[in-house]
Amino acid sequence: MTSTDLPVDNGVNVEALLGARNALADTPEIARFRWRATNSWVRGTHSESTVESFYGFGEEQRHRRTFRFDADHPEAFAAEDNGATPVELVLVALGSCLTAGVASVAQQRSIQLRSVRATIEADFDLHGILGADPEVRNGFSGVRVSYDIDADAGPDEIKALVAQSQKRSAVYDILTNPTDVSVEVA
C-alpha cells in the first residue's frame with residue numbers, strides 16, 4: 001500500500017467548512033463577524049494584546065482560552081525587546097493565514113501534506129517611521145512569502161494549493177487591498 005492509498009488527514013474538517021458555507025445561503029446574517037483584540041501598554045514600547053472573544057454566527061463567541069501576545073521593539077531601537085515587533089506580528093498573521101489555507105485546500109483536494117514551511121520577509125525603511133524622509137512610507141515597501149512544501153503532489157498541484165490559499169486568505173486581502181481603519185479616543 002502506498003502513501004497515496006491511505007486516507008488523507010491534514011487535520012482539517014473540510015465537511016464542516018463546506019457545511020458552514022452551505023448554511024450561509026439560508027442565513028446570510030450568520031456570516032457577519034466582528035473580530036477583536038485588546039491591547040494594553042506595559043512600559044516603554046512594550047504592550048500586551050489579548051484575544052478572548054468575537055461575534056459570529058449571530059452571537060457572542062469565546063475562545064477556549066485567552067491568547068496573549070507581547071509586542072515590543074528590539075534593543076537596537078532603544079527598547080527592551082520583550083516581544084516581536086508589531087510589523088513582525090503582521091508577517092506572522094500573513095504566514096499563518098496562508099498556511100491554514102494550504103492545509104484546508106490540500107485536505108479538500110485529497111493531498112496529504114508531510115510538511116509546510118513558509119518564510120515571510122518584508123522590506124522596511126526606517127526613514128519613514130522616524131520622520132526622517134516624508135517621501136518614504138511608514139510601512140512595508142514589499143513582502144515576499146516563500147513556501148517549502150513536502151506533499152503527495154506534483155509541483156503544479158502544490159503551486160495550485162498555494163494560489164488557492166492566497167485567493168481565499170483574509171490577511172492577504174487585508175494587506176493587498178485598502179481597508180477603512182478608524183482610530184478614536186474614548
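A residue counts as exposed when its relative accessible area is over 50%, as buried when that area is under 20%, and as partly exposed in between. Keep that in mind as we walk through this structure, which is a predicted model.

Let's begin with helix 1, which covers residues 14-26. With 13 residues at 1.5 Å each, helix 1 should span 18 Å, and its end C-alpha atoms sit 19 Å apart, which agrees.

Now for the charged pairs. The structure has eight salt bridges. One of them joins Glu80 to Arg43, with 3.3 Å between the closest N and O atoms. These two come from distant parts of the chain, 37 residues apart: Glu80 is in the loop between strand 3 and helix 2, while Arg43 belongs to strand 1. Arg43 counts as exposed because its relative accessibility is 54%, whereas Glu80, at 42%, is partly exposed.

Next, look at Arg62 and Glu52, whose closest N and O atoms are 3.4 Å apart in another salt bridge. Arg62 lies in strand 3 and Glu52 in strand 2, so this pair ties together parts ten residues apart in sequence. Arg62 is exposed at 61%, and Glu52 is partly exposed at 32%.

Finally, Asp152 and Arg114 meet in a salt bridge at 2.3 Å, N to O. Asp152 sits in the loop between strand 5 and helix 4, and Arg114 is in strand 4, 38 residues away. Arg114 and Asp152 also belong to one network with Asp150, joined by salt bridges that share partners.

Technical notes: Residues are numbered from 1 along each chain as its sequence is written. This is a predicted model: local features need pLDDT of at least 70, side-chain atom pairs count only at pLDDT 80 or more; totals for chains, interfaces and linings use all residues. Side-chain values use heavy atoms; hydrogens and water are left out. Helices (H or I, at least four residues) and strands (E, at least two) are DSSP runs, numbered from the N terminus. The expected span of a helix is 1.5 Å times one less than its number of residues. A salt bridge is a side-chain nitrogen of Lys or Arg within 4 Å of a carboxyl oxygen of Asp or Glu. Buried means under 20% relative accessible area, exposed over 50%, partly exposed in between (1.4 Å probe, protein chains only).
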